[in-house]
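Student: Could we walk through this one together, starting with the charged side chains and then moving on to the core and the backbone?

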Amino acid sequence: MRLNEIASKFQDKVQFLCVYIQEAHPSDGWQVEANLDDDVIYDTPTTKDERDALAEVCMLKLALNMPMVVDDMEDTIDSAYNALPERLYLLDADGRVQFKTVAGSHGFDPEAWNDAINDHVTVKG
């Protein structure tokens with residue numbers, strides 16, 4: 001997976017973290033054909049334990065090699081970062097956004113994220 005490759009490449013210079021937010025296409029909400037084809041069919045979690053369990057499934061299915069945290073049930077992180085359904089960010093050491101991909105699946109761009117990280121660590125030296 002490309003995200004793992006990028007994280008491995010920069011692991012000595014950047015701290016990577018995946019944040020699991022609300023389920024983008026739950027079976028009891030707006031479902032998409034790709035999820036049906038891939039057997040990614042889950043109801044909207046109603047408790048933190050249910051969301052945590054889905055995050056674990058996500059980590060295993062995607063084989064992510066970075067730590068994952070789970071957003072709270074009020075979707076605090078998702079709201080603050082406009083992350084639904086997926087988005088890549090680069091924050092500096094002070095927590096300021098240095099780069100973000102376009103919101104939404106069509107804006108998910110690991111190569112642009114890789115380039116931004118590379119530029120950031122090169123300038124930072």
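**Salt bridges, core and backbone**

Tutor: R2 forms a salt bridge with E5, and the closest N and O atoms are 3.1 Å apart. Please keep in mind that this is a predicted model.

Student: Where do R2 and E5 lie?

Tutor: Both R2 and E5 belong to helix α1, where they are 3 residues apart, about one turn of the helix.

Student: What is the accessibility of D52 and K48?

Tutor: D52 has a relative accessibility of 29% and counts as partly exposed, while K48, at 33%, counts as partly exposed.

Student: Which residue does D94 pair with?

Tutor: The side chain of D94 meets that of R96 in a salt bridge, with an N to O distance of 3.3 Å. D94 counts as exposed because its relative accessibility is 59%, and the cut-off for exposed is over 50%.

Student: Which residues are joined into a network by salt bridges that share partners?

Tutor: R2, E5 and E111 are joined into one network in that way.

Student: Switching to the core, how many residues does the largest nonpolar one have?

Tutor: The largest nonpolar core has 17 residues, and those with the most contacts inside it are F10, F16, W113 and I117. The elements that give two or more residues to this core are α1, residues 2–10, and α5, residues 110–124. As general background, nonpolar side chains tend to be buried together in soluble globular proteins.

Student: What does W113 touch?

Tutor: If residues up to four places away in sequence are not counted, W113 touches L3, I6, F16, L88, Y89, L90 and F99.

Student: Where is L17, and what is it in contact with?

Tutor: L17 lies in the loop between α1 and β1, the latter being residues 18–20. Leaving aside neighbours within four places in sequence, L17 is in contact with M66, P67, M68 and V69. The relative accessible area of L17 is 48%, so L17 is partly exposed.

Student: How far apart are L17 and R96?

Tutor: L17 and R96 are 79 residues apart in sequence, and in space their C-alpha atoms are 15 Å apart.

Student: On to the backbone: which residues does a cis peptide bond join?

Tutor: L84 and P85 are joined by a cis peptide bond, with omega about -5°. P85 lies in the loop between α4, residues 76–81, and β3, residues 89–91.

Student: What about phi at A63 and D75?

Tutor: A63 is not a glycine, yet its phi is positive, about 55°; A63 is found in the loop between α3 and β2, where β2 covers residues 68–70. D75, also a residue other than glycine, has a positive phi near 60°, and D75 is found in the loop between β2 and α4.

Student: Are those two buried or exposed?

Tutor: A63, at 44% relative accessibility, counts as partly exposed, whereas D75 is buried, with a relative accessible area of 15%.

Key
Residues numbered from 1 in each chain as written. Predicted model: local features only at pLDDT ≥ 70, side-chain atom pairs only at ≥ 80, totals over all residues. Heavy atoms only, no water. Core = buried A, V, L, I, M, F, W, Y, C linked by side-chain atoms within 4.5 Å. Buried < 20%, exposed > 50% of the residue type's maximum accessible area, 1.4 Å probe, protein only. Helix = DSSP H or I, 4+ residues; strand = E, 2+ residues; numbered from the N terminus. Contact = heavy atoms within 4.5 Å. Salt bridge = Lys/Arg side-chain N within 4 Å of Asp/Glu carboxyl O.
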